[in-house]
Amino acid sequence: MGKSGGGASRHLEVERKFDVVESTVAPSFDGLSSVSRVERLPVQQLEAVYYDTPGRDLAARRVTLRRRTGGPDDGWHLKLPAGPDARTEVHAPLSAEVPESLRDIVLAIVRDRPLEPVARIQNRRTVDVILGADGSPVAEFCDDQVSAVRLPDGEEQTWREWEIELVGGADRELLDRLSNRLLDAGAQPAATGSKLARVLAVEPPSLPEEPVRRAVAEHLEELIAWDRAVRADVDDAVHQMRVATRKIRSLLQSAGTPDDAWVLDELRQLAAILGVARDAEVLAERYAAALDALAPELVRGPVRERLVEGARRRYETGLRRALLAMRSQRYFRLLDALETLVAAPAVGGEASESATIEAAYKRVRKAARAAARADSGKDEALHRIRKGAKRLRYTAAATGADKVSERAKAVQTLLGDYQDSVVSRTHLSQQAEAAHAAGEDTFTYGVLYRREEELGERARAQLDRALKKLDKAVRRAR
């Protein structure tokens, strides 16, 4: 997990919620082999004010931001989806205003919109701590009497609900066994995922029916999710956010230039900014693996410091640059524009799925013919094939042509490996010159350069066969 600033801390919350009527008797956990005993804590009086944008953008994405008082965890809580039954919960100390450290995590959702109180929820909570065989806590059962009001002037709602939450890294099988006890006692799985969802009743936006625009909407949500991971400096997050950005751009290009053509250029520039950190990350990993694979006597001079540590420093610089861009009005307006494109009514006369795939494949075929004729600039010609294959891959995936997408991915992967070798060789030459100027042994740079040449040659040798398989898949899809 990455870093959280401003005194914030993170943990994974694994829990299930259940609806119960007022007369339901609390369950017994006696007889479970993994439970030694149950201890009841003093009753807690909790109050939380929940914050969201005027358009309830956080709630639409199942994200909650609250200021809680009472109980053992006073403070600000930000809860983010993290898979079935799980949420990542980020805590920050109690303060009068929304902490910037929490706002920054969801900045791709909130952007420059105000955060305002949207609900107040009071809760009388009875907690039973469930202890495992060794006497340590493994779960908590919460019996909640809830009183809630939608702000600024909603009517009061009251209900009772149960929660069962794992603690101390207990396994999910225990959650199933404990949940069965609640169901046996008369509980029902909760109709909503959180107390706030019950109060606000916000529905997520519907996805477009047209396949390409639907895929754009899905990849936009991926981009927003990976945005959070980049801000936390999670491994591979920059790469995944860049991939989502490029998927969106490829799909918009295959569907025809949108009315706001600048969106395509903004997506290109965002991918380029992310690419600075991503390329450095790739080089650091690539050089570390290559040097580890060499015999010790072949690694001469401070080559690891120059190649691996130098790339990692460039990654940190690139990440800072990316984060500056991701906190800008320009980035916010791009996200706004993408949401507008997705929500816009479908335009009549859209090309059929087969025609869209055919148009994307035509670019690949044209680039391949140009590369075959090229006497110079071969690397750039091959790069154009890769860009065309990428667009075809995402378009085919969006329209259900899975075999075409698979074959296009194979072409893209081969040429990606080739391009990586080109970038690496260029960088190795530059670093070898710097090492030579500093009086260092440059032998290892030559060894690595030859290795990269061989990797590129192997990828290039497989290209013609991959292109033929792609052509065959496109013909079958017609």
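Author: Helices and strands here are DSSP runs, with at least four residues (H or I) for a helix and at least two (E) for a strand, numbered from the N terminus. The model is predicted. The mean pLDDT of the protein chain is 92. In all, 96% of its residues reach 70 or more.

Start with the loop between strand S8 (137-150) and strand S9 (156-166), which holds proline 152. The peptide bond from leucine 151 to proline 152 is cis. Its omega is near 15 degrees. Most peptide bonds are trans, and most residues other than glycine have a negative phi.

Now the phi angles. Alanine 201 is not a glycine, yet its phi is positive, about 55 degrees. This alanine 201 sits in the loop between helix H5 (195-200) and helix H6 (211-231). Its relative accessible area is 52%, and the cut-off for exposed is over 50%, so alanine 201 is exposed.

Aspartate 236 is another non-glycine with a positive phi, about 70 degrees. It is found in the loop between H6 and helix H7 (237-254). Buried needs under 20% and exposed needs over 50%; aspartate 236 has 29% relative accessibility, so it counts as partly exposed.

Glycine 439 also has a positive phi, near 80 degrees. Glycine 439 follows H13. That helix covers residues 402-437, which is 36 residues. At 1.5 Å a residue it should span 52 Å, and its end C-alpha atoms are 52 Å apart, so the two values agree.

Next, threonine 395. This residue belongs to helix H12 (residues 378-398). Its relative accessible area is 0%, and buried means under 20%, so threonine 395 is buried. The side chain of threonine 395 reaches the backbone oxygen of arginine 391 at 2.8 Å. Leaving out residues up to four places away in sequence, threonine 395 touches Leu251, Ser254 and Thr356.

Then the nonpolar packing. In soluble globular proteins, nonpolar side chains tend to be buried together. The largest nonpolar core has 61 residues. Leu65, Leu78, Leu102 and Tyr331 touch the most other members. H6 gives the most to this core, with nine residues. Apart from that core lies another, of 29 residues, among them Leu392, Val404, Leu414 and Val422.

Beyond residues up to four places away in sequence, the partners of leucine 65 include Val49, Tyr50, Tyr51, Leu58, Trp76 and His77. Leu78, Val98, Leu102 and Leu115 are also touched by leucine 65.

Last, confidence by region. Among the elements of the protein chain, helix H3 (residues 107-110) has the highest mean pLDDT, 98. Helix H11 (residues 353-373) has the lowest, 88. Over residues 1-6 the pLDDT is below 50. That stretch has twelve contacts in the model beyond near neighbours in sequence. Where pLDDT is low, the predicted coordinates should not be read in detail.

Technical notes: Residues are numbered from 1 along each chain as its sequence is written. Side-chain values use heavy atoms; hydrogens and water are left out. The expected span of a helix is 1.5 Å times one less than its number of residues. Buried means under 20% relative accessible area, exposed over 50%, partly exposed in between (1.4 Å probe, protein chains only). A polar contact is a pair of N or O atoms within 3.5 Å; within protein, one must be able to donate a hydrogen and the other to accept it, and residues adjacent in sequence count only if both atoms are side-chain atoms. Contact means heavy atoms within 4.5 Å. A nonpolar core is a set of buried Ala, Val, Leu, Ile, Met, Phe, Trp, Tyr and Cys residues joined through side-chain atoms within 4.5 Å. pLDDT is the predictor's confidence in each residue, from 0 to 100.
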